[in-house]
Amino acid sequence: MHTVLITGPGGAGRTTVAAATARAAARQGRRVLLLSGDVGDPLSALTGEPVGEPAEAAPGLPAVPVAGGIRVARVDSGEEFREELVALQERGSALLGMVGARPLGAEELTELPGAEQFALLRALRRAAAAPDCDLVVVDLPPLHQALAALALPAQLRRYLARLLPAERQAARALRPVLAQLAGVPMPAQWLYETAARWDEELAAVQAVIEADTTEVRLVAEPGPAAADAIRPGRLGLALQQLPVSAVVANRLLPEGSVDPWLAGLAAQQEKYASAWAGEVPVVRLGHLGRDPRGPQDLDLLAADGLAPQRPAPRRAWTVEDRLAEDGVLVWVVPLPGAHKRELDLIRRGDELLITVGPYRRIVPLPAALRRCTVSGAALAEDALRIRFTPDPGLWPRTS
């Protein structure tokens, strides 16, 4: 399954571009599912009225066909939150009864901050498993929120592994006996079972995000404000090993205008679009002179270059063996556009904490590097090269 994640600075027209991307791919004969979690359903004004009965694109993910051969699935984060919390209360009913708690009814639950990200991630997992579908186009939130959501599965799995490690469940063999004596399931058993279920769901979402068939496209209206948002956004995505496959330069004004103000603005847009093109593929979309509405306007925007092709393989974080030449191993971390002043590295056991500007990630060290000490780092050619020197007490000896 090919998945295209579309985000960008707020107000850049990412929902319009997501719909036009789906439209362009459908015109090539591909079976497309367009997924959005936006409040207020802005897709309806773009894609038109449903042309068929609602159906499930995948279990638990309703979708409706619209004009142009696209199916549209919308995420109801409020309903998702209520269902999940009610189910959690039911599974922990014995524990709640022990402490005298009264469960909350579904009708009195309102979603909490962060529920939108969880609902969108679950919908992404379901969409990736949708039958009769070649391409999933996901209209993500604005760039900073999208980055937080995409990093969430790996972060939460790490927290669960540290706080509730399965191998340290105490008195595992005694739990069934204790549960019979007490007449209720033991709280620790319920807690670990819940953690295991969450980890399984998070792992499935993480697998979709990190798949080679998943790509990220950024939507921006070329200008200084967009450039200031795009550079750290690309860094944050690179830190999560999610390279940007293209930047969609949206709402471009026509060149050659006789109006000096419009000509100056068009020149500024061209300047920034050309700068991005030197770093990453750029898809150019012209300004329609109005807010796009309806399938006809999407057809005007759905240029051939907008339809995504198969993404290129991701650039891995490689370990260069320079033991013979310099006595070190070098871990190469691609960070396009990074500045030295933005970087920070901390070694904690078998993990490395990497900070780039406002973004941070804790990554496990490859097996060979765990037997080394960090001896330095350098930033050059859009890559951070971290040097590791073998620890004589841990490194295998050679005769």
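Residues are numbered from 1 along each chain as its sequence is written, and side-chain values use heavy atoms, with hydrogens and water left out.

**Confidence**

The average pLDDT of the chain (the predictor's confidence in each residue, from 0 to 100) is 84, and 87% of the residues score at least 70. Where pLDDT is low, the predicted coordinates should not be read in detail.

**The nine-stranded sheet**

Nine strands form an open sheet with mixed pairing, in the order β3-β4-β5-β2-β6-β1-β7-β8-β9; two strands count as paired if DSSP finds at least two bridges between them. Its edges are β3 (55-58) and β9 (282-286), each of which pairs on one side only, and the twist from one strand to the next averages 30°. Within this sheet, β7 and strand β8 (residues 244-252) are joined in the parallel sense over five bridges, and L218 stands opposite V247 in β8.

Helix α1 (residues 14-27) packs on the sheet and touches β1 (2-7), β2 (32-36), β5 (70-74), β6 (135-139), β7, β8 and β9, its direction making about 170° with that of β6. Contact here means heavy atoms within 4.5 Å, and the angles, which run from 0 to 180 degrees between N-to-C directions, refer to axes fitted as lines to C-alpha atoms, for helices over the stretch in contact. Helix α5 lies across β1, β2, β3, β4 (61-66) and β6, and runs at about 170° to β2.

**The three-stranded sheet**

A further open sheet has three strands in the order β12-β13-β14, with antiparallel pairing. The edge strands, each pairing on one side only, are β12 (343-348) and β14 (359-364), and neighbouring strands are turned by 15° against each other on average, direction ignored. Strand β13 (residues 351-356) and β14 pair in the antiparallel sense over six bridges, with P364 in β14 as the bridge partner of E351. Helix α6 lies across β13 and β14 and runs at about 35° to β14, while helix α9 (residues 224-239) also touches β13 and β14, with its direction at about 15° to that of β14.

**Cavities and pockets**

On a 1 Å grid over the protein atoms alone, a cavity is a set of points where a 1.4 Å probe fits but cannot get out, whereas a pocket is an open set with protein on both sides within 12 Å along at least five of seven lines; lining residues have an atom within 4 Å of a point. Grid points are joined across faces, edges and corners, and a volume is the space filled by probe spheres set on the points.

| Space | Volume |
|---|---|
| Largest cavity | about 70 Å³ |
| Second largest cavity | about 40 Å³ |
| Largest pocket | about 740 Å³ |
| Second largest pocket | about 590 Å³ |

The whole structure holds two cavities of 30 Å³ or more. The largest cavity is lined by L150, P153, A154, Q206, I209, E210, Q240, L242 and R361, and α6 gives the most to this lining, with three residues. The second largest cavity is lined by Q117, L120, L121, L124, V138, L140, A149 and L150, with α5 giving the most, four residues.

In the largest pocket, 36 residues form the lining, and R234, P243, V244, V280 and P336 lie nearest its centre; the largest share, six residues, comes from α9. By class, this lining has 20 nonpolar, five polar and 11 charged residues, where Ala, Val, Leu, Ile, Met, Phe, Trp, Tyr, Cys and Pro count as nonpolar, Asp, Glu, Lys and Arg as charged, and the others, Gly among them, as polar. The lining of the second largest pocket takes its largest share, six residues, from α5, and has 17 nonpolar, one polar and five charged residues.

Technical notes
Predicted model: local features only at pLDDT ≥ 70, side-chain atom pairs only at ≥ 80, totals over all residues. Helix = DSSP H or I, 4+ residues; strand = E, 2+ residues; numbered from the N terminus.
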